[in-house]
Amino acid sequence: MSLSTLKNRRERGFFDGQFLIAMPGMADSNFSRTVIYICAHSDAGAMGFIINRSQELTFTDVLLHLDIIKDDDAIVLPPNARDLQIQTGGPVESGRGFVLHSDDYLCDSSIPVSDDISMTATLDIIRAISNGNGPKRATMMLGYAGWGAGQLEAEIANNGWLNCAANEELIFDASLDDKYERALAGMGISAAMLSAEAGHA
């Protein structure tokens, strides 16, 4: 699914607002031990963001690269801008930034994902965060995960993913190292239990 399809969708799909949790047998290294927040799902495909892969870039790096601030301005950034986490959202359009955020900030280009979470992919939100007028909760992703028509359904049917309702706290939680285990724990499953059962009929 492309970003333009997401903007033009009429209604929410079955997997919208759900987590995908990679099974131990996931062959694609892009998605090994990932938790993905699905933003859109329809007959045309699906789109989401990995929420547990860090990026070396900082938000200050992004602001400097985009010429929104100068070097001297970095020390006076609001705390929520200095601390904003940058994550690897997925392998598609990996140089493009997307901000998942609470719905207390909206601009013309914001796309509602759930009742409480929106996604904005323009400079408006970057500037708003940098001057302290952004959303209360946010995380920035570089790239996204995308599936063509029927692809995600086939991967789930082939035991590639577990799916469950998304947990907003987990989406914005800055502790990434154990997010995979915590997402599984939310389903009452331990990673060790999955590993032990993987590959057995």
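**Figure 1. Helix H4 and its neighbours.** The buried residues of helix H4 (123-130) pack against H2, helix H3 (79-82), E5, strand E7 (117-120) and E8. Here buried means under 20% relative accessible area, with exposed over 50% and partly exposed in between (1.4 Å probe, protein chains only). Packing is judged by contact, meaning heavy atoms within 4.5 Å. Helices (H or I, at least four residues) and strands (E, at least two) are DSSP runs, numbered from the N terminus. Which residues of H4 are buried? They are Ile-125, Ile-126, Ala-128, Ile-129 and Ser-130. After H4 comes Gly-132, with a positive phi near 85 degrees.

This is a predicted model: local features need pLDDT of at least 70, side-chain atom pairs count only at pLDDT 80 or more, and totals for chains, interfaces and linings use all residues. Residues are numbered from 1 along each chain as its sequence is written, and side-chain values use heavy atoms, leaving out hydrogens and water.

**Figure 2. Two nonpolar cores.** A nonpolar core is a set of buried Ala, Val, Leu, Ile, Met, Phe, Trp, Tyr and Cys residues joined through side-chain atoms within 4.5 Å. The largest one has 28 residues, and Phe-19, Tyr-37 and Phe-49 are among those with the most contacts inside it. Zoom in on Phe-19 and you'll find that it touches residues including Val-35, Ile-51, Leu-162 and Ile-171, not counting those up to four places away in sequence. A second, separate core of 19 residues includes Leu-63, Ala-81, Ala-128 and Ile-129. Two of these, Ala-128 and Ile-129, are also on the list of buried H4 residues.

**Figure 3. The largest pocket.** How much space lies in the largest pocket? About 250 Å³. On a 1 Å grid over the protein atoms alone, a pocket is an open set of points where a 1.4 Å probe fits, with protein on both sides within 12 Å along at least five of seven lines; lining residues have an atom within 4 Å of a point. Grid points are joined across faces, edges and corners, and the volume is the space filled by probe spheres set on them. Of the 18 lining residues, Val-62, Leu-66, Gly-95, Gly-97 and Met-140 are the closest to the centre. E5 gives the largest share of the lining, 5 residues.

**Figure 4. The second largest pocket.** This one has a volume of about 210 Å³. Its lining has 15 residues, and the closest to its centre are Asp-83, Leu-84, Gln-85, Ala-138 and Phe-172. E8 and helix H6 (168-172) each supply at least two lining residues.
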